[in-house]
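The entries follow in the order I made them.

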Amino acid sequence: MTTTSFTLLGLGAMGRALGTTALDAGHSVTVWNRTPGKAAQLTARGAVEAASVRDGLTASNVIAVCLYDHSSIHEVLDAEASLLEGKVLINLTTTTPAEARELAASANAYGAAYLDGAIMATPEMIGREQAVILYAGSKEVVDSQRALLDAWGSVTYEGDDAGLASLWDLAMLTGMYSMFTGFLHGVAMLQSASVSAGSYARRAVPFLAAMTELLGHSTEHLDNRDYSQPTQSLTWTTTLLETVERASREQDISPAPIEMLQVLIRRQIDAGYGNEDFDRIIESMR
């Protein structure tokens, strides 16, 4: 098996999971973290703790970064960026697409090959087949570091545009968080009548799972922006949601998630599209 010697900067929950999985797969890992005291779990498994960022960057030709946000990457790397020349930089920090592209340009300017990674998994999933990590940027890095990338999870390469992995990641997350918000709104409504969250979940989960099957049933109208054959019109939908709003207030629960949706709907109704399909609210987003 091909193994890699690399440096991991950032030992939060995800960083520790990445380091642990890499060590278990036989890779050599040097670690560094801004806050002391988080390396013990990894050094006990054979990792080497760097005393400084400079030491970490000089220890390996492959540098993996898993920090808090885009600005923290610059805070950690900028002072020592000249040491990146001739190295591989793999960013696993969540950033926006524009931020990922900026990091790629900065890395390339210092003579480093850049690969951006978006982790579609929790720390507990790292190393398992269910862990999907999206990559964009240097295909050569994907090929040369495949053993390391495979140790972390299923590899999906999105192309040489360094921002595409991030764009996919955040687009998936917005769907997830919107769904979770709706679920929690439903929990709050029923808890106001002394119905437990567990009781709601037992009914809601299979219902929501069935509804998600509709998401990919027909997407042609979203691409050609034709909403003239409604399954559910905006006028009908807004009337239904007004009822949900009233019911929420009756139960002394904030209807904020529904109000957000109503704003998108009413923009289209006010523009004269009330008889068109619910999916037309994407035009309010655009």
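How many nonpolar, polar and charged residues does the lining of the largest cavity have, by class? I found three nonpolar, five polar and two charged residues. The classes I used count Ala, Val, Leu, Ile, Met, Phe, Trp, Tyr, Cys and Pro as nonpolar, Asp, Glu, Lys and Arg as charged, and the others, Gly among them, as polar.

**Entry 1: ground rules.** I noted that this is a predicted model, where local features need pLDDT of at least 70, side-chain atom pairs count only at pLDDT 80 or more, and totals for chains, interfaces and linings use all residues. Residues are numbered from 1 along each chain as its sequence is written, and side-chain values use heavy atoms, with hydrogens and water left out.

**Entry 2: the whole chain.** I counted 13 helices and eight strands in the protein chain. Both are DSSP runs numbered from the N terminus (helices are H or I, at least four residues; strands are E, at least two). Of the 286 residues, 41% are buried. Buried means under 20% relative accessible area, exposed means over 50%, and partly exposed is in between (1.4 Å probe, protein chains only).

**Entry 3: the cavity.** On a 1 Å grid over the protein atoms alone, a cavity is a set of points where a 1.4 Å probe fits but cannot get out; a pocket is an open set with protein on both sides within 12 Å along at least five of seven lines; lining residues have an atom within 4 Å of a point. Grid points are joined across faces, edges and corners, and a volume is the space filled by probe spheres set on the points. I found one cavity of 30 Å³ or more. The largest cavity holds about 50 Å³ of space. Its lining includes T94, D116, I119 and D169. β6 gives the most to this lining, with four residues.

Entry 4: I looked up the largest pocket and got a volume of about 2600 Å³. It is lined by 48 residues, and L215, L261, F278, D279 and I281 are the closest to its centre. Helix α8 (164-191) gives the most to the lining of this pocket, with 14 residues. By class, the lining divides into 28 nonpolar, 17 polar and three charged residues.

The second largest pocket has a volume of about 600 Å³. Of its 27 lining residues, M14, C66, T94, I119 and A121 are the closest to the centre. The largest share of this lining also comes from α8, with five residues.

**Entry 5: salt bridges.** A salt bridge is a side-chain nitrogen of Lys or Arg within 4 Å of a carboxyl oxygen of Asp or Glu. I counted twelve in the structure.

Which parts of the chain does the pair D24 and R45 link? D24 is in helix α1 and R45 is in the loop between α2 and β3, 21 residues apart. Their closest N and O atoms are 2.7 Å apart. D24 is exposed, with a relative accessible area of 54%, and R45 is partly exposed at 45%.

I then checked R225 and E283, whose side chains meet in a salt bridge (2.7 Å, N to O). R225 lies in the loop between α10 and α11 and E283 in helix α13, so this pair ties together parts that are 58 residues apart in sequence. R225 is partly exposed at 46% relative accessible area, whereas E283 is buried at 14%. I also noted that R225, E283 and R286 are linked in a network of salt bridges.
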